Amino acid sequence: MASPAPSADGSAAQNPLTLLTLNELRQRTSVKWRMHPPDVLPLWVAEQDVPLAPPVADALRRAIDLGDTGYAYGTAYAEALGDFAAGRWGWPDFRVDHTTVVPDVMMGIVEVLRLVTDPGDAVVLCSPVYPPFYAFVSHAGRQVIEAPLGPDLRMDPAALDEAFRRARACGHRPAFLLCNPHNPTGVVHRRDELEAVAALADRHGLRVISDEIHAPLVLPGARFTPYLTVAGAENAFALTSASKAWNLAGLKAALAVAGPQAAADLNRMPEEVSHGPSHLGVLAHTAAFRAGGRWLDLLLDGLDANRTLLETLLAKHLPSVTYHRPEGTYLAWLDCTALGVPTEQPAGEPGVASDVAGPARMFLDRARVALSSGHVFGTGGAGFVRLNFATSPAILTDAVTRMGQAVDAHHPSAG
């Protein structure tokens with residue numbers, strides 16, 4: 001059979017999630033594939049089971065061939081993001097001069113927090129949320145205040161209002177760390193929701209920092225709204241990179257972007273922070289935003305299909321597990337409370353405890369499927385698991401089938 005014809009950017013018109021076999025994936029040395037024994041199917045950490053997008057691989061090969069492995073320079077990364085943002089998100093007035101390169105999104109968040117908050121100040125998080133939010137905020141000497149999501153897993157304005165009020169009472173310079181789109185729920189915040197956040201932040205005097213690392217991964221049926229395009233967000237910040245969408249976590253480079261009223265703050269970023277990003281990382285992320293659009297479209301089609309496949313598999317093998325269909329990301333937030341598995345949390349603060357507990361422990365031990373344990377995502381996470389469906393349909397089918405068999409074997413009434 002003839003190979004698929006390459007597209008304009010050199011990528012074959014195939015679903016990237018179907019191009020690597022399980023045996024090929026097991027040759028990888030990253031944490032996803034080496035944390036657990038070989039009999040475990042790893043659907044936990046946010047790594048995708050895809051080869052590099054051809055434009056990214058080409059950029060890296062060229063750099064290696066030239067020995068171009070020195071220090072990063074210039075604004076090509078920000079320019080590529082600006083063009084991508086204009087074309088994909090309708091953000092025509094993206095300001096390259098309001099950006100700076102940082103080592104990665106989480107390190108960038110910490111550095112921005114240091115600019116606009118003081119030690120001991122409060123940072124509001126919408127729980128359940130990405131566990132490093134807790135760890136990095138705490139390690140930066142700031143205190144966490146949770147504003148739990150509502151029953152629909154969307155931001156709750158009343159909870160935000162109360163959390164913002166408490167944060168303001170705790171210090172002079174509080175902040176809100178927004179996850180947009182939200183990890184682990186896959187919710188893509190609507191413009192009206194973000195406008196409400198901006199209004200509340202202005203009323204209570206909080207600075208908003210928006211983690212938009214999953215922004216390119218919005219699936220059909222939803223639309224991504226950059227927080228900095230929302231009225232009232234002029235003094236806010238956004239952090240983003242190509243890391244999640246193009247699977248570049250090992251190639252460190254991200255961008256901090258300031259609203260027009262926050263540009264002076266960003267200019268106070270210590271110069272040495274820009275030494276952290278890898279030159280190869282900058283080249284890879286630039287190539288992804290500049291030339292990886294066709295590959296991304298193929299990936300999004302594959303993720304959309306996997307999202308539907310997961311729904312079908314859960315209905316067949318785990319009907320008592322509630323599937324909160326994600327609007328974006330490649331992460332599924334599964335409510336396993338009906339399984340009746342004890343959800344005792346290991347000792348440690350939310351977001352820091354690394355032990356697998358509750359349903360995730362059961363699925364690891366009995367099904368040999370590794371998932372992210374819900375309790376580490378903070379309040380509201382106990383009894384849930386996060387499943388990464390950025391894998392092949394075959395691996396996803398095998399994993400959920402194993403999970404259903406494990407439940408049937410030990411909890412017949414729950415299956």
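Helices (H or I, at least four residues) and strands (E, at least two) are DSSP runs, numbered from the N terminus. A residue counts as buried under 20% relative accessible area, as exposed over 50%, and as partly exposed in between (1.4 Å probe, protein chains only). The model described here is predicted, so local features need pLDDT of at least 70 and side-chain atom pairs count only at pLDDT 80 or more, while totals for chains, interfaces and linings use all residues. Residues are numbered from 1 along each chain as its sequence is written, and side-chain values use heavy atoms, with hydrogens and water left out.

An open sheet of seven strands has the order 2-8-7-6-5-3-4, and its pairing is mixed. Strand 2 (99-102) and strand 4 (143-146) form the edges; each has a single partner strand, so one side of each lacks a neighbour in the sheet. On average, neighbouring strands of this sheet are turned by 25° against each other, direction ignored. Two strands are taken to pair if DSSP finds at least two bridges between them.

| Strands | Sense | Bridges |
|---|---|---|
| Strand 3 (residues 122-125) and strand 5 | parallel | two |
| Strand 5 and strand 6 (residues 207-211) | parallel | five |
| Strand 7 (residues 237-240) and strand 8 (residues 254-258) | antiparallel | four |

Strand 5 (residues 175-179) is mostly covered, with five of its five residues buried. Ala175, Leu177 and Cys179 are buried on one side, and Phe176 and Leu178 on the other. Phe176 stands opposite Val124 and also opposite Val208 in strand 6. From strand 5 the chain passes through helix 8 (residues 191-204) to strand 6 in a right-handed β-α-β crossover; right-handed means that, with the strands pointing away from the viewer, the path from the first strand over the helix to the second runs clockwise. Elsewhere in the sheet, Leu239 has Ala256 in strand 8 as its bridge partner.

**Helices across the sheet**

Angles run from 0 to 180 degrees between N-to-C directions, with axes fitted to C-alpha atoms, for helices over the stretch in contact (heavy atoms within 4.5 Å). Helix 4 (residues 76-89) lies across strand 2, strand 7 and strand 8, at about 70° to strand 8. Helix 7 (residues 157-170) lies across strand 3, strand 4 and strand 5, at about 155° to strand 4.

**Nonpolar cores**

A nonpolar core is a set of buried Ala, Val, Leu, Ile, Met, Phe, Trp, Tyr and Cys residues joined through side-chain atoms within 4.5 Å. The largest such core has 100 residues, and Phe176, Trp246 and Leu387 have the most contacts inside it. Helix 12 (residues 293-317) gives the most to this core, namely eight residues. Leaving aside neighbours within four places in sequence, the contacts of Trp246 include Gln48, Phe84, Pro216, Phe289 and Trp295. A second, separate core of 28 residues includes Val102, Ile109, Ile209 and Leu266.

Helix 14 (residues 393-410) has 18 residues and spans 26 Å from its first C-alpha to its last, close to the 26 Å expected at 1.5 Å a residue, a value defined as 1.5 Å times one less than the number of residues. Among its buried residues are Ile395, Leu396, Met403 and Val407. The buried residues of helix 14 pack against several elements, including helix 1 (22-25), helix 12 and strand 13 (384-388).

Met269 is found in the loop between helix 10 (263-266) and helix 11 (279-291). Met269 counts as buried because its relative accessibility is 10%. Leaving aside neighbours within four places in sequence, Met269 is in contact with Thr100, Val102, Glu111, Val112 and Leu115.
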